[in-house]
Amino acid sequence: YTDPHLFFELFKREIYACGTIRSNRVGFPKTLILTKREESTLERGFYKWRANNELVAAVWLDKRPAYILSTVHAPYKNNPGQMLK
C-alpha cells in the first residue's frame with residue numbers, strides 16, 4: 001500500500017518505505033505523469049523526480065511508465081528533477 005500520507009507518518013516513526021504508486025493517487029505530483037505522446041517519444045530508461053523534504057516521487061520509463069514513491073532514496077543534484085515547494 002503506497003500513499004504519500006502514510007509514507008510521511010512512517011518516516012516520522014523512522015520507518016523507511018519505497019513502493020510503486022498509481023499515477024492517479026491523491027497526493028502524487030501531476031507534473032510527473034507522462035502523456036501517451038511522451039511515452040512514445042521518450043527513450044527507455046528516461047526518468048524524472050520531484051522531492052518534498054524526505055519524500056521522493058519519481059517516474060521511470062520502461063515499456064510503460066513506473067511511478068515510484070520513496071522515503072529511502074535521497075534526491076541527487078545531478079538528476080533531472082527538482083524540489084517541490
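Predicted model: local features only at pLDDT ≥ 70, side-chain atom pairs only at ≥ 80, totals over all residues.
Q: How many salt bridges does the structure hold?
A: A salt bridge requires a side-chain nitrogen of Lys or Arg within 4 Å of a carboxyl oxygen of Asp or Glu. Asp-3 meets Arg-25 in this way, Glu-9 meets Lys-12, and Asp-62 meets Arg-44. The number of salt bridges in the structure is three.

Q: How many residues apart in sequence are the parts that the pair Asp-3 and Arg-25 ties together?
A: The side chains of Asp-3 and Arg-25 form a salt bridge with an N to O distance of 3.2 Å. Asp-3 lies in the segment before α1 (4-12), whereas Arg-25 lies in the loop between β1 (18-20) and α2 (36-41), so the pair ties together parts that are apart in sequence by 22 residues.

Q: In which helix do Glu-9 and Lys-12 both lie?
A: Glu-9 and Lys-12 form a salt bridge, and their closest N and O atoms are 3.1 Å apart. Glu-9 is partly exposed at 34% relative accessibility, while Lys-12 is exposed at 61%. The two residues are three places apart, about one turn of the helix, and both lie in helix α1.

Q: What is the N to O distance in the salt bridge of Asp-62 and Arg-44?
A: The side chains of Asp-62 and Arg-44 meet in a salt bridge, with an N to O distance of 2.4 Å. This pair links distant parts of the chain, with Asp-62 in the loop between β3 (55-61) and β4 (65-70) and Arg-44 in the loop between α2 and β2. Asp-62 is partly exposed at 27%, and Arg-44 is exposed at 62%. The distance asked for is 2.4 Å.

Q: Which side chain of opposite charge is nearest to Lys-48?
A: Lys-48 belongs to strand β2 (residues 47-52). A polar atom of the Lys-48 side chain lies 3.2 Å from the backbone oxygen of Thr-31. Lys-48 is buried but has no salt bridge. The nearest side chain of opposite charge is 4.8 Å away, and it belongs to Glu-38.

Q: Why is the pair of Phe-11 and Tyr-16 edge-to-face?
A: The whole structure contains two aromatic pairs. In one of them, the ring centres of Phe-11 and Tyr-16 are 5.6 Å apart. Planes over 60 degrees apart count as edge-to-face. The pair is edge-to-face because the planes of its rings stand at 75°.

Q: Where does Tyr-67 lie in the pair with Phe-28?
A: The rings of Phe-28 and Tyr-67 have centres 5.5 Å apart and planes at 85°, so this pair is edge-to-face. Phe-28 is buried at 3% relative accessibility, and Tyr-67 is buried at 8%. The pair links distant parts of the chain, 39 residues apart: Phe-28 is in the loop between β1 and α2, and Tyr-67 is in strand β4.

Q: In which loop is Asn-53 placed?
A: Asn-53 also has a positive phi, near 55°, although it is a residue other than glycine. Its relative accessible area is 57%, so it is exposed. Its place is in the loop between β2 and β3.

Q: With which side chain does the side chain of His-73 make a polar contact?
A: His-73 is in the loop between β4 and β5 (82-83) and is partly exposed at 46% relative accessibility. Leaving aside residues up to four places away in sequence, His-73 touches Cys-18 and Val-56. The polar contact of its side chain has a distance of 2.8 Å, and the partner is the side chain of Ser-70.

Conventions: Residues numbered from 1 in each chain as written. Heavy atoms only, no water. Helix = DSSP H or I, 4+ residues; strand = E, 2+ residues; numbered from the N terminus. Buried < 20%, exposed > 50% of the residue type's maximum accessible area, 1.4 Å probe, protein only. Lys, Arg positive; Asp, Glu negative; His and termini not counted. Polar contact = N/O pair within 3.5 Å; in protein donor to acceptor, adjacent residues only side chain to side chain. Phe/Tyr/Trp six-rings, centres within 6.5 Å; stacked < 30°, edge-to-face > 60°. Contact = heavy atoms within 4.5 Å.
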